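Subject: The structure for you to look at

Hello,

I am handing over the structure we talked about, and below it you will find what came out of going through it. Please keep it open beside this email while you read.

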Amino acid sequence: GARRMCEGLGDFLRLTLRLGGQDTVTLAEELSLVDRYLAIERVRFGERLQIEQRVDPAALNCLLPPLLLQPLGENAVKHGIARRLEPGTVRLEADRREGRLVVSLENPVDEDEERRPGTGTGLGNVRRRLAALGGHDAHLAITPGPGVFRVVLALPASETSQGAEA
């Protein structure tokens, strides 16, 4: 487990450095980074961390700023899974619809636990980066509900391969 975590961490850091130096990356590249991060956390939490992904293949070539989803995945683990004794599922969905890329991340929350506010750094950074990217055309919505915390990211869907916006 320790060896897998160290190897995974090395892969994650190399990919972070490579993607972080770019202006935009494809959703497929960004998901690869999130997958590596979650694989590290899976070693840490074992069966307590379940992961479900549903990604529309039409969304994989959409562009977004690098390192936009990883902080959301980190928050899902830190504020959801890590605070629970029982297993929990982090759900990630990505769709391309009506010219927009819509990505949602959902994690369980312990209803009985006293809410401890975080620093807001991860969500604040994502909001600022979206504002710089698309102003009012890109946004982050937070929907806490009974037993679940959901973050939805929406931005214009554009691709490099055709160079056209959808």
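At 15% relative accessibility, Gly124 counts as buried, where buried means under 20% relative accessible area, exposed means over 50%, and partly exposed lies in between, with a 1.4 Å probe and protein chains only. The C-alpha atoms of Gly124 and Leu140 are separated by 9.8 Å, although these residues are 16 apart along the chain.

Before going further, please bear in mind that this is a predicted model, in which local features need pLDDT of at least 70 and side-chain atom pairs count only at pLDDT 80 or more, whereas totals for chains, interfaces and linings use all residues. Residues are numbered from 1 along each chain as its sequence is written, and side-chain values use heavy atoms, with hydrogens and water left out.

The overall layout

The protein has 4 helices and 7 strands, and from the N terminus on these elements run α-β-α-β-β-α-β-β-α-β-β. Of the 166 residues in the protein, 42% are buried. If you take the contacts (heavy atoms within 4.5 Å) between residues at least 6 apart in sequence, 73% of them join residues at least 24 apart.

The nonpolar core

In soluble globular proteins, nonpolar side chains tend to be buried together. A nonpolar core is here a set of buried Ala, Val, Leu, Ile, Met, Phe, Trp, Tyr and Cys residues joined through side-chain atoms within 4.5 Å. The largest one has 34 residues, and those touching the most other members are Leu27, Leu69, Leu72, Leu101, Leu130, Leu140 and Leu153. At least two residues of this core come from each of helix H2 (27–45), helix H3 (70–79), strand E4 (88–97), strand E5 (100–108), helix H4 (121–134) and strand E7 (148–156), and H2 gives the most, with 8 residues. Leaving out residues up to four places away in sequence, Leu69 touches Leu27, Glu30, Leu31, Val34, Leu64, Val103 and Leu153.

Helices H2 and H3

How do the axes of H2 and H3 lie to each other? They come within 9 Å and cross at roughly 20°, the axes being lines fitted to C-alpha atoms over the stretch in contact, with angles that run from 0 to 180 degrees between N-to-C directions. That makes H2 roughly parallel to H3, because angles under 35 degrees count as roughly parallel, over 145 as roughly antiparallel, 65 to 115 as roughly perpendicular and the rest as oblique. On the H2 side the contact is made by Glu30, Leu33, Val34, Tyr37, Leu38, Glu41 and Phe45, and on the H3 side by Gln70, Gly73, Glu74 and Val77.

H3 is mostly covered, with 7 of its 10 residues buried, namely Gln70, Pro71, Leu72, Gly73, Asn75, Ala76 and Val77. Gln70 has a relative accessible area of 13% and, leaving aside its neighbours within four places in sequence, is in contact with Phe12, Glu30, Leu33, Val34 and Tyr37.

Thr89 has its place in strand E4 and counts as buried at 16% relative accessibility; apart from residues up to four places away in sequence, Thr89 touches Gln50, Glu52, Ile81, Glu106, Asn107 and Pro108. Arg100, in strand E5, is partly exposed, with a relative accessible area of 21%. Not counting residues up to four places away in sequence, Arg100 touches several residues, among them Asp95, Asp137, His139 and Leu155. Arg100 and Cys62 are 38 residues apart in sequence, and from C-alpha to C-alpha they are 9.0 Å apart in space.

Two loop residues

Which value does phi of Leu67 take? Phi of Leu67 is near 60°, a positive value in a residue other than glycine. Leu67 sits in the loop between strand E3 (63–64) and H3 and counts as partly exposed at 26% relative accessibility. Glu98, in the loop between E4 and E5, has a positive phi near 50° and counts as exposed at 82% relative accessibility.

With best wishes
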